[in-house]
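Me: I have just opened a new structure and would like to learn how to read it. Could we go through it feature by feature?

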Amino acid sequence: MPGRKKLTSATVRRAASPAHADALHARRPRLRERWAERGFAAADLLNLWTPAGRFQHHKSLAYGNAPRQQLDVYRPRRGDRAPMVVFFYGGSWQSGARDLYAFLGASLAAQGIVTVVPDYSVYPAARFPAFLEDSARAAAFARTHASEWGADPERLVLMGHSAGAHIAAMLACDPQWLAAVGLDAHRDLAGLIGLAGPYDFLPIESRVLQAIFGGPGRAETQPISFVSGREPPALLITAQRDVLVEPGNSKRFAARIREMGGRVEERSYGRVNHFTLIGAFAPALRVLAPVLRDVDAFVWQVTARQARSG
């Protein structure tokens with residue numbers, strides 16, 4: 001969830017225009033309802049300036065029966081057999097809400113990429129591996145319904161930020177989670193994108209995280225433990241100012257992938273922190289880092305082979 005940000009004068013002028021005033025007025029009741037449920041989030045400000053008219057939004061699709069087993073889909077208005085990204089948000093495996101990331105879904109859809117943002121079970125109601133099981137079910141649901149949203153199921157990329165990057169990496173590296181829902185992590189994924197992810201964080205010192213993961217030193221909770229070289233191509237992005245998730249997680253993860261013969265690309269941005277890294281997908285913050293450009297290029301690159309063979 002992006003942190004505080006400075007609004008530019010141009011942004012303020014746009015917000016003051018009649019068209020934007022009408023749009024903001026229409027969105028306020030929905031925002032009040034969301035704030036009543038989960039409180040105010042800085043990402044709500046980014047979502048106020050989500051570009052309209054360039055995507056279709058399918059809300060609250062159930063991939064299971066539990067309250068947090070729902071997802072939203074952002075699809076381009078034009079195009080067919082598009083690549084598809086399933087994005088898992090962060091929140092320390094304890095919080096998060098899919099509606100906070102409309103700015104990300106809309107931004108990727110504007111690039112021609114169908115984007116799926118699921119909720120998943122979080123602590124204290126759930127502990128490892130419940131959030132992996134939910135996320136695997138969401139990925140399988142997305143692949144099954146991809147053609148209904150104009151996406152190609154063979155062009156599936158998993159992406160996550162922070163705790164969500166851990167989830168995406170576990171699904172890509174430890175085959176058991178996707179196998180449980182009928183997918184093959186090595187065959188059915190075209191790519192993995194991790195944004196400021198924790199992939200190698202033992203021993204766990206936080207008591208809360210120890211409760212979530214069942215102890216301080218369980219290697220089976222770490223993506224780096226399962227790297228075999230057969231994983232899909234990976235893009236690992238870090239923020240040099242990140243003080244929440246050590247960028248060394250990504251460096252060690254990338255080194256292990258290369259050591260095992262896999263394919264990985266790394267990006268590191270100097271003007272963002274843990275939160276503004278994900279916020280830079282939004283139009284108002286894109287000046288901070290080229291994260292949208294780099295993710296867009298990677299998705300189209302790794303899914304091109306599937307498009308040709310399909």
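Me: Let me start with a loop. Where is Ala 196 found?

Reply: Ala 196 is found in the loop between strand 6 and helix 8. Helices (H or I, at least four residues) and strands (E, at least two) are DSSP runs, numbered from the N terminus. Before we go on, note that this is a predicted model, where local features need pLDDT of at least 70, side-chain atom pairs count only at pLDDT 80 or more, and totals for chains, interfaces and linings use all residues. Residues are numbered from 1 along each chain as its sequence is written, and side-chain values use heavy atoms, with hydrogens and water left out.

Me: Is Ala 196 buried or exposed?

Reply: Buried means under 20% relative accessible area, exposed over 50%, and partly exposed in between (1.4 Å probe, protein chains only). Ala 196 has 3% relative accessibility, so it counts as buried. Its phi is positive, about 50°, although it is not a glycine. The loop between strand 6 and helix 8 also holds Pro 203, and a cis peptide bond joins Leu 202 to Pro 203, with omega about -5°.

Me: How should I read a helix, and which residues of helix 9 are buried?

Reply: An α-helix has 3.6 residues a turn, so residues three or four places apart point the same way. In helix 9 the buried residues are Gly 248, Asn 249, Ser 250, Phe 253, Ala 254 and Ile 257. Among the elements that cover them are helix 6 (163–173) and strand 7 (234–239). Just after helix 9, Gly 261 takes a positive phi of about 90°.

Me: And strands? Which strands pair with strand 2?

Reply: Two strands pair if DSSP finds at least two bridges between them. Strand 2 pairs with strand 1 (residues 55–62) in the antiparallel sense over six bridges, and with strand 4 (residues 114–118), also antiparallel, over four bridges. In the second pairing, Tyr 74 stands opposite Thr 115. Six of the seven residues of strand 2 (residues 70–76) are buried, so the rest of the structure largely encloses this strand.

Me: Which residues have the most contacts inside the largest nonpolar core?

Reply: A nonpolar core is a set of buried Ala, Val, Leu, Ile, Met, Phe, Trp, Tyr and Cys residues joined through side-chain atoms within 4.5 Å. The largest one has 97 residues, and those with the most contacts inside it are Met 159, Phe 253, Phe 281 and Val 295. Helix 6 gives the largest share of this core, nine residues.

Me: How many salt bridges are there?

Reply: Side chains of opposite charge can pair when their charged atoms come close. The rule here asks for a side-chain nitrogen of Lys or Arg within 4 Å of a carboxyl oxygen of Asp or Glu, and the count comes to 15 salt bridges. One of them joins Asp 152 to Arg 81, with the closest N and O atoms 3.1 Å apart. Asp 152 lies in strand 5 (residues 151–161) and Arg 81 in the loop between strand 2 and strand 3, so the pair ties together parts that are 71 residues apart in sequence. Asp 152 counts as buried at 5% relative accessibility, whereas Arg 81 is partly exposed at 37%.

How values were computed
Contact = heavy atoms within 4.5 Å.
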